[in-house]
Amino acid sequence: MIHIVKEKKVSDEKILNLFRPYVKKWFKLKFKNLTLPQKLAIPLIKEGKNVLVTAPTGSGKTLAAFAAILDELFYLSENNKLEDYVYCIYVSPLRALDNDIYRNLQIPLKEISEIAKKLKYELKNEIRISVRTSDTKASEKAKQLIKPPHILITTPESLALMLVSKKFKEKLKNVKWLVIDEIHELANSKRGIHLSLSVERLEYFVGKRIQRIGLGATLEPIEEAAKFLVGCENGKERECYIVDARFVKKTDIKVLIPSKDLIKDSAESINKKMYKLIDTLVQQSRTTLIFTNTRSGAERVHYHLKQLFPSRYLDELTGVHHSSVSRDIRFEIEEKLKKGELKCVISSTSLELGIDIGYIDLVIQIGSPKSVSRLMQRIGRSGHALHEISRGRIICLDRDDLVECSIMVKKAKEYWLDKFHMPKNCLDVLAQHLLGMAIEKRWKIKEAYDLVRRAYPYKDLPYEEFLNVLYYLAGYYHTLQDLKVYGKIWLDMQKQEFGRRGKYARVIYLLNIGTIPEEIKIKVRGLDGKFYGFIEEAFLERLVPGDIFVIGGKTVEFVKAKENVAYVKEVKGAKPTIPSWFSEQLPLNFDLALEIGKFRGLMFELIKKEKKKKIIEFLIKELDVDESVAKNIYDYFKIEYEYLKKLNCKNFPSDKVILVESFIENDKQYIIFHTLYGRRVNDALSRAFAYALSKKISKSVGIAISDNGFALIVPIYSIFRKIIVDPKDVVNLVNSKNLEELLKKAIWNTELMKRKFRHCANRALMILRNYKGHEISLRKQQISAERILNFIKDIKDFPVLKETVREIIEDFMDIKNAKLILEKIEKGEIKYEILPISKLPSPFAHNLIAISESDVVLMEDRRKLLLELHKKIISEIKA
């Protein structure tokens, strides 16, 4: 049962009276008042309730979680009852955050102990805190075995390792509290799913209920996050109390544009104005954190600021922080930030989470962060204390971004958050845990199944799927032994029991645990062997033969991939079909995309009825933007409206109308679907439509996708005749009934399938990353994955293959919402508006057409193309 905690009028004094006198005194000396999360959470935690606290950075939620725990530990110390066991486990997804918490807890421990001494309280045992992660030295781990910490700080992977450790596991027998931090970051990934099973295994081992405390910032749906935290008992969610203080902090967020005209200004001019705007904002603030959406973007911003303003952006005053930067450099930047020594830091996503980075008074976001939750998480990094305002400025460089960000900020001010997606029934993670459980002891199948279903993401796991994972682990598919995939457990179906097989089971498990996939850098070579550079594996998975991209200033066409090499041929003058940074791009959240669709509908209604001046006044007031932003938004919708009217369009694009247009250029027909549902939905829809169309016309169909729609690119000449596809025939090819089947066929022979299968096979311990202490190269893993994939494709319900397909269509793509859209079309709730074939794409399609040109090398050409298309549209409207 989930309870939302309502704010009560309770004095701080009454809450502080729940503590030992010396703990109470420390609070009074240290803080003027308790914060809202502390007022609501502390009494509940003292009562032993499961609590989820959701509040922004700097709201005191970490202390809200630990105050009651520390008080209890001090009480035990006072009464000489503090034993050599772990009482509290704190888990976070970041080792840097673990180190922060360790440092931050040392302060109250030391200061409260001193106050207790002054008040003549004798603390008979010292409260110990330690960190145990993959960075912890063996000597430190040995010390922890002799003198275990009372509060243990760790990561999801290290917790799973402890559960199979022969000796240290015994120190967890008395665990009373579990604190999970950054729960929003864990609940939407396989790391969190892995953790949910570890938590249930830990509680089973302890033999009694563990009190669970979750901490997070931007969670929606909040009830789903609470269920993830507490899990289930006998098929029902355990009790949890939600302290919702997500919106206690004031914000000041504005959308800015560097140029008054985002279309007519050149790329060079817009870029210069953007860096000038960034510099002005940075100079007006003490410390600024700049977020870009890609690692390459972060590097580019840093480089240009140093080039344009060399005296102001010296290396000792600025820094770049992202996952490709070495750990030492990241740590140095974090330390300098805490000390207030840096003027400006540029990051992609790595500084989003709650590590203590000291005082930041401004966050600049370049381009759309693609979700309200991510926007609030990033902006929340500014204004360190709760009473301070979180200041954020979003700089937009094109009109789609401008509309998107304006709606995003409006929704943020309305306290609206988009929903996170939680993976369910992940069979690869389950396989890993079942081996871990088999190492612990001999299990009854039903007992293990019941335990697994206590973890919320597995509460609906079918028994047959559970058994299939056991069959796989037990080596029931004997033919796989030829591919060096051996059974890791024994399974006795007569006795309904299983356990570990062989002396190496523990070693294999310990060396291959975890869910984060290793990535391969792919070499790009010409068919003649010429080396062009590297691309990421995530980029390769999107390539199909014929795709064109830019690398090292050269335009190349993808021919094939073999092992870890992408083979290409140079093509001059051809348009790229996919930008090289595409793999890094964040997808627009589906819920937010629907809100932007609604805004489109509203704008077209206003344009039909109202004059320009009135609409601009409405935009300034409704979106809280300045006049230049409002004018750019108005002009964008006005030109789309005029052009569509010219084509006799009856219904204009919105959340209820999907515009389908088509035009011909350079022997290719572009069929464009204006499906403003985010890239994950569009990825699913576009692949299904492209596959169905290619089967119908017996030709390869290309795809270009964005958050706002997708294009099917069809060659119009065959050997014998010219073929033009009628969009009216295309829209009927995919429906809610055949979508899944089409999608499964479409992804089967792709690089995406091969890569995701290797990741799932790694997690399911089918392909090992390390065998008896020997690292297995990624190249060898990839070769094994391809051989096994070809072999198992015909085995019905093989769990690792089934999970690969599920991960692609449910987590990587969004089949659920893609199906929802198709169902709404079938019910008539969403209509297609199909335009006649024209000479030009409409303005809303320009960014989708130009997405192929969005590579850094071609940014200037992209701007020229957009301006060229704009001029052609103006001429067409006037004609």
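This is a dialogue on how to read several features of a predicted model.

Biologist: Where do I start if I want to find empty space inside the protein, and how many cavities does the search find?

Modeller: Rolling a probe the size of a water molecule over the atoms shows where empty space is left. Across the whole structure, the search finds nine cavities of 30 Å³ or more. The volume of the largest cavity is about 160 Å³.

Biologist: Which residues are closest to the centre of the largest cavity?

Modeller: They are Pro-56, Thr-218, Arg-246, Met-376 and Gly-380, out of 14 lining residues.

Biologist: Which helix gives the most to that lining, and what classes of residue does the lining have?

Modeller: Helix 14, residues 372–379, gives the most, with three residues. By class, six lining residues are nonpolar, six are polar and two are charged.

Biologist: Next, strands. How many residues of strand 7 are buried?

Modeller: Six of the six residues of strand 7 (residues 211–216) are buried, so this strand is largely enclosed by the rest of the structure.

Biologist: How do I read the two sides of a strand, and which residues of strand 7 are on each?

Modeller: In a regular strand the side chains alternate between the two faces of the sheet. On one side of strand 7 are Gln-211, Ile-213 and Leu-215, and on the other are Arg-212, Gly-214 and Gly-216. Both faces are covered, with all of these residues buried.

Biologist: Which strand does strand 7 pair with in the lines of residues 51–54, and is the pairing parallel or antiparallel?

Modeller: That is strand 2, which runs parallel to strand 7 and is joined to it by four bridges. Thr-54 is opposite Gly-216 of strand 7. Strand 6 (residues 177–180) also pairs with strand 7 in the parallel sense, over four bridges. There, Ile-180 is opposite Gly-214.

Biologist: Is strand 25 paired parallel or antiparallel with strand 31, and with strand 26?

Modeller: Strand 25 runs parallel to strand 31 (residues 831–834), with four bridges between them. Ile-658 stands opposite Tyr-832 of strand 31. With strand 26 (residues 668–673), strand 25 runs antiparallel, and six bridges join the two. The bridge partner of Glu-661 in strand 26 is Ile-672.

Biologist: How many residues lie between the strands in the hairpin of strand 25 and strand 26?

Modeller: Two, and in this hairpin Asn-666 takes a positive phi near 50°. As for burial, seven of the nine residues of strand 25 (residues 657–665) are buried, so strand 25 is largely enclosed by the rest of the structure.

Biologist: What is the order of strands in the open sheet of three strands?

Modeller: The order is 17-19-18, with antiparallel pairing. Strand 17 (443–444) and strand 18 (489–492) are the edge strands, each pairing on one side only. Strand 17 and strand 19 (residues 497–500) are joined by two bridges. In that pair, Lys-444 stands opposite Glu-497.

Biologist: How many residues of helix 31 are buried?

Modeller: Eight of its eight residues (843–850) are buried, and the helix is mostly covered. Among them are Phe-844, His-846, Asn-847 and Leu-848.

Biologist: Turning to cysteines, how many disulfides does the search find?

Modeller: A disulfide is a covalent bond between the sulfur atoms of two cysteines. The search of the whole structure finds zero.

Biologist: Last, a single residue. Is Arg-391 buried, partly exposed or exposed?

Modeller: Arg-391 is partly exposed, at 25% relative accessibility, because buried requires under 20% and exposed over 50%. Arg-391 is in strand 16 (residues 390–395).

Biologist: Which residues does Arg-391 touch, leaving out those up to four places away in sequence?

Modeller: Arg-391 touches Asp-252, Ser-285, Asp-361, Leu-362, Val-363, Ile-379 and Ser-382. From Arg-391 to Arg-381 is 10 residues in sequence and 9.0 Å in space, C-alpha to C-alpha.

Notes: Residues are numbered from 1 along each chain as its sequence is written. This is a predicted model: local features need pLDDT of at least 70, side-chain atom pairs count only at pLDDT 80 or more; totals for chains, interfaces and linings use all residues. Side-chain values use heavy atoms; hydrogens and water are left out. On a 1 Å grid over the protein atoms alone, a cavity is a set of points where a 1.4 Å probe fits but cannot get out, and a pocket is an open set with protein on both sides within 12 Å along at least five of seven lines; lining residues have an atom within 4 Å of a point. Grid points are joined across faces, edges and corners, and a volume is the space filled by probe spheres set on the points. Ala, Val, Leu, Ile, Met, Phe, Trp, Tyr, Cys and Pro count as nonpolar, Asp, Glu, Lys and Arg as charged, and the others, Gly among them, as polar. Buried means under 20% relative accessible area, exposed over 50%, partly exposed in between (1.4 Å probe, protein chains only). Two strands pair if DSSP finds at least two bridges between them. A disulfide is a pair of cysteine sulfur atoms within 2.5 Å. Contact means heavy atoms within 4.5 Å.
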